[in-house]
Amino acid sequence: MENIVDAVIGLFLSKPEFVTVLADQQVVHGRDIILTCQANTADVTVSWEKHGQKLRCVEGKHKMRTIGTNCVLEISNAVDSDEGNYTVTLSNKLGSTSCSALVRIIIKEWRKVEWKQERMLKSLKTFQICNEVQELRFLLCGPVGAGKSSTINTIRSIFEGRQFIDCLAAAGSTTSHTLCYERFQIANEEGSFPFAFNDIMGAETYSGVLSEDIISALKGHIKEGYTFNSETQLSESSLYYNKNPTLSDQMHCLVFVMPADKISTQDTKFMQKMKSVVKAASSMGIPHVVFMTRVDLACPLAKKDLQNVYKSKKIKDNMEKCSYELGVTVNRIFPVLNYHDQIHMNEDINCLMLDALTQITYFANDYVLKKSSKQQSKCE
């Protein structure tokens, strides 16, 4: 008898299938989320999940509806916790089928960037540094593959208006390509801009540049051409040791280059190593910032449109985590994207970097002014 009933039911039932499936969404914080799909039949049981778990409905927040063959999930007043992967399952006696959609919450833009490069580029090209030094010097440090050398290449590309590759980049390698202490100056047809960047060997937990050598570089003790040793710090008796560095030899700003997509997976001992450098820079009064690279790998929103970088919850969370781990305030952390797979110049990439460069140029110049005034007061 049961078989006969099932056979009769089968004549009227259809196996669940989707006519239209759920679509991925990017929803502005505070707006409503509406997920819809259409089944081939109304004779189905509909269930919803979030991250593989049955969706726990909250009155006034969630509303599940079935209108004919349309299945609808409404989530009012989207907040950060509503971001996630949602799955709807249709089932009846003949089987079941599921589809999923990723919902991302776009937060209100919390930092403004000028997305036209002309004014920022002109401002930096004509920037008048204080006459105490001939150039402002920036030291880049961070883990292997974070993009230190790529950052220098990107900056030179922006100023020269073409793709520029001078520093060897480590890409996905775990071995640093930068072995010698080297200085790179920004230049164009008109000559040199008063900015120079020093690249340094990658700083790993048990290998790479020693924190003592980073601090020596900050103080101006290391001469160009020095080959880093991951086991022994530069000796004061070395030919590459500058015993009496001037303000021009010193670094005027420390730039940590950290990968946005790997902030959460950095080794604890490595972060402690970097924190010791932050502490040393702070004691010397040297401004320190973070260039948070690889934002396209850290957040699909930023990958799709770089102008979403300050609307991304993921990027903001990573900036706050980086701030906590390194002890660098969030307003000194700058998400950037280096040229890596692009073959043509991109104004959004340029603007994000130029925005960061503008800030650190003022930081470095202010430091030199402050340092030189202190030296003058001691001499009087």
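# Briefing on a predicted model

Ser 211 is found in helix H4, which covers residues 211-219. The model described here is predicted. Its chain has 380 residues, and 48% of them count as buried. The secondary structure comes to nine helices and 15 strands. Among contacts between residues at least 6 apart in sequence, 69% join residues at least 24 apart.

**Ser 211**

- Ser 211 counts as buried because its relative accessibility is 14%, and the cut-off for buried is under 20%.
- The side chain of Ser 211 makes a polar contact with the side chain of Glu 212, at 3.5 Å.
- With residues up to four places away in sequence left out, Ser 211 touches Lys 273, Ser 276 and Val 277.

**Val 79**

- Val 79 lies in a loop, between strand S7 (70-75) and strand S8 (84-92).
- The relative accessibility of Val 79 is 26%, so this residue counts as partly exposed; that class lies between the 20% limit for buried and the 50% limit for exposed.
- Beyond its neighbours within four places in sequence, Val 79 is in contact with His 29, Lys 61 and Ile 105.
- Val 79 and Val 27 are 52 residues apart in sequence, and their C-alpha atoms are 9.5 Å apart in space.

**Strand S10**

- Strand S10 takes in residues 136-141; six of its six residues are buried, so the strand is largely enclosed by the rest of the structure.
- In a regular strand, side chains alternate between the two faces of the sheet.
- One side of S10 carries Leu 136, Phe 138 and Leu 140, and the other carries Arg 137, Leu 139 and Cys 141. These residues are all buried, which leaves both faces of S10 covered.
- S10 and strand S13 (residues 253-259) run parallel and are joined by four bridges.
- In this pairing, Phe 138 stands opposite Cys 253 of S13.

**Cavities in the whole structure**

- Rolling a probe the size of a water molecule over the atoms shows where empty space is left.
- A search of the whole structure finds two cavities of 30 Å³ or more.

**The largest cavity**

- The largest cavity holds about 50 Å³ of space.
- The lining of the largest cavity consists of Leu 124, Ile 155, Phe 159, Ile 186, Phe 195, Phe 197, Leu 357 and Thr 361.
- Helix H3 (148-160), strand S12 (191-199) and helix H9 (347-379) are the elements that give two or more residues to the lining of the largest cavity.
- By class, the lining of the largest cavity has seven nonpolar residues, one polar residue and no charged residue.

**The second largest cavity**

- The second largest cavity has a volume of about 30 Å³.
- The residues that line the second largest cavity are Glu 83, Arg 104, Ile 105, Cys 299, Leu 301, Ser 312, Lys 313 and Lys 314.
- Two or more residues of the lining of the second largest cavity come from each of strand S9 (95-106) and helix H8 (313-326).
- The lining of the second largest cavity divides into three nonpolar, one polar and four charged residues.
- Ile 105, one of the residues in the lining of the second largest cavity, is also in contact with Val 79.

Technical notes: Residues are numbered from 1 along each chain as its sequence is written. This is a predicted model: local features need pLDDT of at least 70, side-chain atom pairs count only at pLDDT 80 or more; totals for chains, interfaces and linings use all residues. Side-chain values use heavy atoms; hydrogens and water are left out. Buried means under 20% relative accessible area, exposed over 50%, partly exposed in between (1.4 Å probe, protein chains only). Contact means heavy atoms within 4.5 Å. A polar contact is a pair of N or O atoms within 3.5 Å; within protein, one must be able to donate a hydrogen and the other to accept it, and residues adjacent in sequence count only if both atoms are side-chain atoms. Two strands pair if DSSP finds at least two bridges between them. On a 1 Å grid over the protein atoms alone, a cavity is a set of points where a 1.4 Å probe fits but cannot get out, and a pocket is an open set with protein on both sides within 12 Å along at least five of seven lines; lining residues have an atom within 4 Å of a point. Grid points are joined across faces, edges and corners, and a volume is the space filled by probe spheres set on the points. Ala, Val, Leu, Ile, Met, Phe, Trp, Tyr, Cys and Pro count as nonpolar, Asp, Glu, Lys and Arg as charged, and the others, Gly among them, as polar.
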